[in-house]
Amino acid sequence: MSNILIVSEHFLNGGVETYIKTQVLDMKKEGHNCFLITDSCSDLQNINIFQQVIANVKLGLNSDFNSFISTVKLIDEFINKNDIDIVHVHPFYSIIPAILAAKKNKKRIWLTLHGPISLDYYGDIQYQFILKHFLSDAIDQCLVVSEEVENLCKFDFIDSVRIQRNPINKVNISNFNSIENDRVLIVSRLDSDKISGLIDGVKYISSDSNINEIDIVGCGDSVESLKNEILQLVNIKKVNFLGFNENVEELFFNYRYIAGMGRSALESIYSDKPTLLIGYDGVKGLIDDLLFENLMKSNFSGRNVDNISLDKFISESKTLPIVSLELKERYLSETDWPLFDDINKEFPLAVDIVNILYQQEHVASSHSYLNTPEFVSILNNVIFSKKHFRYDIVFNYIRMFNVNAINQLISLEKVDFQSKLSNENINSNKVDDINNKVDDIINKVDDILNININKINNLQEDIVNIKMEMSNSMSFKKYIQHGKRYMYQIVKSLYWKLPSRLRWKLNGVRHSVVRRFRRIPVEPITPISMVGIKDLTWEQFKENVLKYRDYYKGVFIQEVVIDWDVPLYQRPQHIATAFGQLDYLVIYRTTNFTADNVNGFRQVSKNVWLTNAPEVNNISGAVRSFYSTAYSLEASDIDKLAKNSTIVYEYIDHIDPAISGDDENIKRLLTLKDKCFNGTADYIVASAKKLEEEALCFFDREKVILAQNGVDTAHYRNNEHNGFELPQEIIQFRKKYEKIVGYFGAIAPWLWYEEIEKLVLLRPDVGFIFIGPDYYGGVDKLVKAENVLHLGAVNYQNLPSYARTFDVCFIPFEPCEIARTTSPLKLFEYFALEKPVVVTSEMRECIVYDEVLRSDSAEGFSSEIDKALVLSKDPIFKSKLASLADENSWCCRALAMSPVFEKK
């Protein structure tokens, strides 16, 4: 049994109080004691379900700085007095004092978010920052009512989000013949944000010839406004306002159908009544099974569904659909109140903030506490303290919270800035330069506030970067000496901490940074795997390696495309390794933007050297490879190098928004392609036949080489993988499902998510394993089901150990130009594993092999998987796959490319 304190800004009739009340009744049945602290409360009939209620506590916009302190103290004392175990918080501003008080007392926090507004609250930047970038670390369990909210808040509560759908009350009236009624009931809170939709609802319903009267049940702050709007309508039916009704579902049997959104729509559906969904902005339609499934994703608000026309509504109203029992039971299964793990996150910031709060004197201010200098000052002192300093919080604090706080933030540290410098042997002129730079930025902020928000963001980021280095006196010394080098490392570190979907949106920014800094050496950060290995300088590399270039078959320089040390090896690493095996000298260039951290030249494979050294541009007589996916390269780079090198353009993917990113990236890639296709490149290497056909329109046959993707057969056949200890989750999954279909590779936009979901639901007897990193939010689209296991990225070195657990391999690309032009290297890796492969029919580079099974629908995939399961036990078939792998090794691909080393 637990004592649970519920803190909610509102407990009003027809609002969130119904959600809270239903859950409290469930928790009471389990023996828990529930308490309530709220600001506004009108549901006096139901407060007896709580052990104790404290109302009229200033939790909302009406809370000034002094009231805020009083509220935190009140919640703090209440937690101690009533021996509270869990604090369950509901939006909006109530979240802030509740979490501070709870974590001061080391209590668990549950947070329920009821809609997108719970995260945004009408664009209140202060509220957004406090919730998303500050208090999120304190939340032990975040509950959301729909997939819509889950997707919005995953960036900030990724470790703790779970869907807890709205619980409902229902009255079984299925025996009543609703068709005979000539009245419709609209159930809704009558607030200003719903008026537009309600007006349209009344218009549509009035057009129904079977309806003579409309009753509206609900309360809110816009009742009179709604009445006045309805009076303006022409040819309106009789409309009656019945006020709030505690047991409105008991009225349902009197009506032909019920109209509303959210809980009222759900209760109507579960009372077996035809139900019309009226959204915030209009009428969405009478709810059938298809609409029900879509509406679940937005908590029956209709935000994700288009409005319907009046003609479509009239057509639908003739049939009055009823939602199937199967769908309703599925929804109900996700409303039961769960038992949570006993997790309690430490949050020391809360303790320090509360301690400072309690020391504050009375402040003469009527403003909301979030906008007071006192509150900003408290956050400054804590966030910028040595104990709590974190780059990500600081970055978002300055960028989102309060532009005017910049002066205060700088001033706070300037006091002890000089004392830090006194302990350093730093040139005073350089110190003055930095001080002047900071002061100049401060002076510019106010001038630009009303001109260009992008310039403000740039200035803020400059300040953050400078202050990050100022926070550590030794780092500051390094900043003065090697400013650009350390700035690059900071930006890189911040970027890779961002969620994948956000990194996708910032791709253009990323590549701008890479282009600007790619030739600047980094401070070497030696991975454990590289201990004892020292990078060579340019002079050492020339003397010890390049000096003997004539002993190699040729020099191959892989220009910047992707860092070497990434979990999922791709074509550039494989081709480089293959050329090294064939006794070519390979120089692989990197920007150090992930984890390479090379500072000079480092040998990473036989004859393969990883480098970030700009002096590589000076090497003449080499073959230089430029990839069609190389965002960070400029077309002008080719012009500079073409004079004394052989230029190879590796055309490996159709340039498409799903792969290539934003408009800026696409424009840059197209410019690079045009430069190469119009004569600058000496050779075009195409990875697919369709790409080869395109290249032949520009080049003679001897200048176009088809070199599809391949496989490192030795790696996939190495018996050492049999001894690798797999994680328990895949072992248990394998035990649960006798038949496993597996995929490894990017979980990216080009997968066919709709058909994958249908297939997964169609085959509950089959376990589906997906291995790979999240590309651009692909994991969010992947079906969540009991028979689906996503393992994330797996290091290439261990990948065969995981893939050997598959019975059948799967490449479900969505039918599009990407599918038609891609030669997936995983196909040949599957061959090396001797696993049968099922692909989408439009994957032309795959279906040229008779051994590959294919389909264009979930039903077809299911049938082909059954065939593949039989073939997986056929030794003759497996031998054919092994032979195909040998014919498509990376060494074969490198040999196909070897004509590029012929003299120009």
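Reader: In which hand does H35 pass H38?

Author: In this predicted model, H35 passes H38 in a left-handed crossing.

Reader: And which residues make that contact?

Author: From H35 you've got Phe828, Phe831 and Ala832, and they meet Leu881, Ala882, Leu884 and Ala885 of H38. Sorted by class, that contact has 7 nonpolar residues, with no polar and no charged ones.

Reader: OK, how do I read the geometry of a helix pair in general? What describes two packed helices?

Author: Two packed helices are described by the angle between their axes and the distance between those axes. Here, helix H35 (residues 825–832) and helix H38 (residues 875–887) pack at about 130°, and their axes are 7 Å apart. That angle makes H35 oblique to H38.

Reader: Is the crossing of H13 and H14 left-handed or right-handed?

Author: Right-handed for H13 and H14, whereas H35 crosses H38 left-handed.

Reader: Which residues meet there, and how do they divide by class?

Author: On the H13 side look for Leu349, Asp352, Ile353, Ile356 and Leu357; on the H14 side, Ile378, Leu379 and Val382. The contact of H13 with H14 has 7 nonpolar residues, no polar ones and 1 charged.

Terms used:
Residues are numbered from 1 along each chain as its sequence is written. This is a predicted model: local features need pLDDT of at least 70, side-chain atom pairs count only at pLDDT 80 or more; totals for chains, interfaces and linings use all residues. Side-chain values use heavy atoms; hydrogens and water are left out. A crossing is left-handed if the near helix is turned anticlockwise from the far one by less than a right angle, and right-handed if clockwise. Helices (H or I, at least four residues) and strands (E, at least two) are DSSP runs, numbered from the N terminus. Contact means heavy atoms within 4.5 Å. Ala, Val, Leu, Ile, Met, Phe, Trp, Tyr, Cys and Pro count as nonpolar, Asp, Glu, Lys and Arg as charged, and the others, Gly among them, as polar. Axes are lines fitted to C-alpha atoms, for helices over the stretch in contact, and angles run from 0 to 180 degrees between N-to-C directions. Angles under 35 degrees count as roughly parallel, over 145 as roughly antiparallel, 65 to 115 as roughly perpendicular and the rest as oblique.
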